[in-house]
Amino acid sequence: MAESLQMLMYLLEPEEFVAAGDFLTYKFPVWTWQKGDQAKARDYLPPEKQYLLTRGVPCLRRATSLAYTDADEDAERLVSFAEGGSKDKDDEWVETHAGRKAGDPSSAAGVIDDIPDLDGPASITGNMNTLNLNGGGPTSADDSGIIPDLDDIPDMEEENLEAEEDEATAKPATIVKEVEISKGNLLQVRTYDVMITYDKYYQTPRKGTPLIGSQVFQDVSADHALKTVTIEPFPHSSIQAASVHPCKHASVMKKIIEKMNAGVVEEQQRPRGKDGNKGKWLFRKVTGSGDDSKKTPDPDAVEGMRVDFYLIIFLKFIASIVPTIEVDSTTAF
Amino acid sequence: MPVLQFTPQSSLVQPGFWNELTRLKIDILKLSDQSIPISGSYTPGRWIIDRESGNEIALNGSLSLSAESFDLQIKPPQHSVPAFGTLKNYNTIEEFKAANKAELFNEVTQDIWNATTKTNDPNQLSRFLLLTFADLKKYKYYYWFAFPAFVVKPAWEIDESGWMDSNTKIGHEGLLSIWQALQNVSIPLPYFLIRPSSKSPFEIGKLEDFSSFFANVPEDQRIVSFVDPSASPQNPGWPLRNLLTYLRAQFPDSTRKLQVICWRDVEVPTSGKPWRSRFGIVAIDPSSNMTSECPTAVGWEKNAQGKLGPRLADLGGMMDPTRLADQAV
C-alpha cells in the first residue's frame, strides 16, 4: 500500500500525458489527438499528438442560471485536502454542485464503470512535471453561442428571397434550439470544443474551450470565474480560448488522486463485490463500482490508480469548474 | 400520403474559421472578392440527456466550418461527412448587402444540377454558399449561408406509416452490419446504398454504383441511405432532398418508390439506448417527371430570429487585444 501511494500521478511526463491521452481516445472516441499548428508544435510531444480535442460538447444551460449558488450551501463543498487539521487554505478546493452529481443517476460519472482493468502496473515516478490542461474556448455552437447586438445586424431581411412557401420544408418548430423544461427554465444549448494540452512550463494539463468573452463565464461556476478560468491564446492555434488555469492543478490533482488512490487500494483489499466508500465524495462511482476488485484476479494485489486514468480524473475535476458543460458525458454521444 | 418534409440545414461556424479568413484577407486575398472554394462537414443528429430534468434533448447536426475549411483535402472530423461550398467575401458592408444573392444561389444550384445529371459526383450534392463581410476593425463577421435543395412538384410523399424506428424494420443485427460496413470505408460516405448480403445481413455500396450494386437486387430489397443531420423523428435532414432528385434524374424507371434509412447512429447503442436511425418508404407521383432543365431550389438559412437575413459573429471578445487586456485583469 505504501508503494501505491508513491504513484505521484499528478506529475506527468510528456510520455505519460501521451499514454493517458491514448487511453482517453481509445476508451472515448469523441476525443481525438490533433497535430495543431505545426509552427507552434511542442517538440516534447509527438507531432501527431500535440493536443486532445473533443468537438461540440453540449452545454444545456448556463451555470449562472443553476440554482446552486451561494444560497444553496449544501450543493457546494469546500474540499479540504489538508491533513492533520492543517488550516492551510491553499489546500482547499471548492467543488460546486456536489449534490447534483451524486444525486442524479444519469450523471455521467457512471462512465467510469466501464473502464477495463488493464494489465501491467503503471509505475510512475514523481518529478516536477505536471500536465497543462488547455481548454479551448467555447465554440459558437449555435445562435446563442454568438449573441450579436441586434442593432449591428444590417437591415437586409429579404423575406421575398425565396418566392414561395416551400411545402417540403419542415417548419422551424421541429428544430430544437431552446426547449422548455419543467422548471420553466429555458434550455439554451451551446456547444464547446474542449482541448487538453500539455504545457511544460506549468507541467499540468490545461483545458481550453472558444464562446465570446464574458458569455463563457456564464458557463463557469461562480467560484471559479476569473480565478481559475481566464481567456487566453490557445498554444496550438491563434484562437483565444477560455483556459482553465493550470497553476494549481498539480497540487489539487495530487490531493484528489491521493484520496482516490487510497480509496482504490482500500477497495482492492476488500472482499470481492462489496460496495463501499460511500464517504468518498468525488469519485464515488469509481471507487464504489466494485469493478476493480471483481476484475483483479488476486484480491490482495494492490496496484492503486493507474496513470492512464489521469485524464479521466482530470475531466471530473474540470466538470466541477464548468458544471453545465458535459465534458464528462462521453456516453451521450 | 403526407408530403415529405425535410429539416432545414443549420450552420455552425467555429471561431477558427473567422480567424483563418482574417489571416487570408489580410495576407492573401486583400481586396479580391473572388469566390473561394471551401469545405465543411456535418454529423448526424444527436441526443443529450439533460442532467437537470432527465429529459433527452435532440440536437441537429450543423454544417460546421473550421480553420481547416480552406483546405479542400482535409479529412472531416470523426463521425462527420464532408460538404463543399463556395465562399464569397465582400470588402464592405454595402457590397455585402447589395450582393446579387439570387444569381449566386443559382450558380451553386447549377453546380449541384451538373453533379446530379452529368458528372455523377455525390460529393457535390450538398454544396453550399456562404456570403461574408469581415469587419476587421471591430472583429465582427456578417454571414449568410444557403443550402440549395431542389423543389420537386408534385412533392415526394412519405408512406402512411411515416418514419419508423429502424430497429423494428431492419433489426439489431441488420443495423449492426450496416454500422460495421460504414466503419470500414476509407472515406466517409454522405450517401450510400444498402442491400442484403449472404455473409452479413446487409452490405453497403457507393451511390455512384447504383446500377451495378442493385443489378440483381429486387426493388423491394433495395435501400438508399444517407448520413442524416436531422434529429427530428418525422423529418429527415436536408441532404435527402438532393439525393432523391439525383436518383430520379439518374434512374427514373426504378425510383418512384424508395426505401430510405436516415442514418443517425455514430456508435452502436449501449445500455438500453435505442438505435436512432429511421426507416421510411417514400414515393413520388409518376407525373413528376424530371426534365433536363435545372429545377428551382430553396435553402437560404434563416437567422436567429427566424427571418431570412444574415447572421453576425462578434469575436471582439476573443480577438480584440484591447478587450482581451481588460479581461485579463
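Trainee: Leaving aside neighbours within four places in sequence, with which residues is B:Val268 in contact?

Mentor: This is a predicted model, in which local features need pLDDT of at least 70, side-chain atom pairs count only at pLDDT 80 or more, and totals for chains, interfaces and linings use all residues. Residues are numbered from 1 along each chain as its sequence is written, chains are lettered from A and ligands numbered from 1 in the order written, and side-chain values use heavy atoms, without hydrogens and water. Contact means heavy atoms within 4.5 Å. By that criterion, the partners of B:Val268 are B:Leu176, B:Trp179 and B:Trp275.

Trainee: Is B:Val268 buried, partly exposed or exposed?

Mentor: Buried means under 20% relative accessible area, exposed over 50%, and partly exposed in between (1.4 Å probe, protein chains only). Because its relative accessibility is 25%, B:Val268 counts as partly exposed.

Trainee: Which kind of aromatic pair do B:Trp263 and B:Phe17 each belong to?

Mentor: Rings of Phe, Tyr and Trp (its six-membered ring) pair if their centres lie within 6.5 Å; planes under 30 degrees apart count as stacked, over 60 as edge-to-face and the rest as tilted. The structure holds 18 such pairs over all chains. With 5.0 Å between centres and 10° between planes, B:Phe17 and B:Phe70 are stacked. For B:Trp263 and B:Trp275, at 6.3 Å and 55°, the pair is tilted.

Trainee: What is the relative accessible area of B:Trp275?

Mentor: B:Trp275 is buried. Its relative accessible area is 5%.
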